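Please look over the sequence and the model shown here before reading on. The questions that follow take up a few places in turn, and each answer ends on what was asked for.

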Amino acid sequence: MSRRFLFVLGSARLDGNTELLAREAAAQLPGDVEQRWIRLAEHPLPDFVDVRHDSDHVRPPADTETGLLLDATLAATDIVIASPLYWYSVSGLTKRYLDYWSGWLRTPGIDFGAAMAGRTLWGVAALADREPSVADPLIGTLNNSAAYLKMHFGGVLLGNGSAPGDVRKDTDALTRAKTFFAQEAPLARFPHQDA
């Protein structure tokens, strides 16, 4: 299967530091790798309603924001969550998108869990703090989501930046971006599985 990357942009800011860093990493992908970029702010999802234990699960129509994101997610071999660090985790837009994964797991006819197993989840995040450990909750959210769905997890490319364009000054992050998607992504594991 040829690789198809879906870049899910979770920032409320157009062309923010997280997106700049993600585009730097994406520029290193081979030319035959398909890339699709979706800005969540331009495709707002309605509030997620948890109907896991109800019986009215239906596949969202393709011409809705939910259907567009579901189809794009299912079509991707690699999903890149590009979310700035907001209050030490993913942005609200990103969290809402991930919440929809719960509903898609129970939507008849798509077998979302089986479809996602074996695919790869990646993360890209800009943070204002110089201490990368403050992003541990964001990394944990993505790792554990990947582990739950039996996906591979390529880790999170972190860059420093607060004001627009700041990440361009983070030469270490820009260097890591050059090889980020070239690394082997192991099968994700919950932290308690490593103990």
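Q: In which loop does serine 91 lie, and is serine 91 buried or exposed?
A: Helices (H or I, at least four residues) and strands (E, at least two) are DSSP runs, numbered from the N terminus, and serine 91 lies in the loop between β3 and α3. Buried means under 20% relative accessible area, exposed over 50% and partly exposed in between, with a 1.4 Å probe and protein chains only. Because its relative accessible area is 1%, serine 91 is buried.

Q: Which backbone atom does the side chain of serine 91 reach?
A: This is a predicted model, in which local features need pLDDT of at least 70 and side-chain atom pairs count only at pLDDT 80 or more, while totals for chains, interfaces and linings use all residues. Residues are numbered from 1 along each chain as its sequence is written, and side-chain values use heavy atoms, with hydrogens and water left out. With contact taken as heavy atoms within 4.5 Å, serine 91 touches Gly10, Ser83, Pro84 and Tyr86, not counting residues up to four places away in sequence. At 2.6 Å, its side chain reaches the backbone oxygen of glycine 10.

Q: Why does the distance between the end C-alpha atoms of helix α3 agree with its number of residues?
A: The expected span of a helix is 1.5 Å times one less than its number of residues. Helix α3 has 13 residues (residues 92-104) and should therefore span 18 Å, which agrees with end C-alpha atoms that are 19 Å apart.

Q: Which residues of α3 are buried?
A: The buried residues of α3 are covered by elements that include β1 (4-9), α2 (65-75), β3 (78-82), α4 (112-116), β4 (120-127) and α5 (136-148). The residues of α3 that count as buried are Thr94, Tyr97, Leu98, Tyr100, Trp101, Gly103 and Trp104.

Q: How is α2 placed relative to α3: roughly parallel or roughly perpendicular?
A: Thr66, Leu69, Leu70 and Thr73 in α2 meet Tyr97, Tyr100, Trp101 and Trp104 in α3. The two helices, α2 and α3, pack at an angle of about 80 degrees with their axes 11 Å apart, where axes are lines fitted to C-alpha atoms, for helices over the stretch in contact, and angles run from 0 to 180 degrees between N-to-C directions. Angles under 35 degrees count as roughly parallel, over 145 as roughly antiparallel, 65 to 115 as roughly perpendicular and the rest as oblique. The angle therefore makes α2, relative to α3, roughly perpendicular.

Q: Is aspartate 111 buried or exposed?
A: Aspartate 111 is placed in the loop between α3 and α4, and its phi is near 45 degrees, a positive value in a residue other than glycine. Because its relative accessibility is 52%, aspartate 111 counts as exposed.

Key. A polar contact is a pair of N or O atoms within 3.5 Å; within protein, one must be able to donate a hydrogen and the other to accept it, and residues adjacent in sequence count only if both atoms are side-chain atoms.
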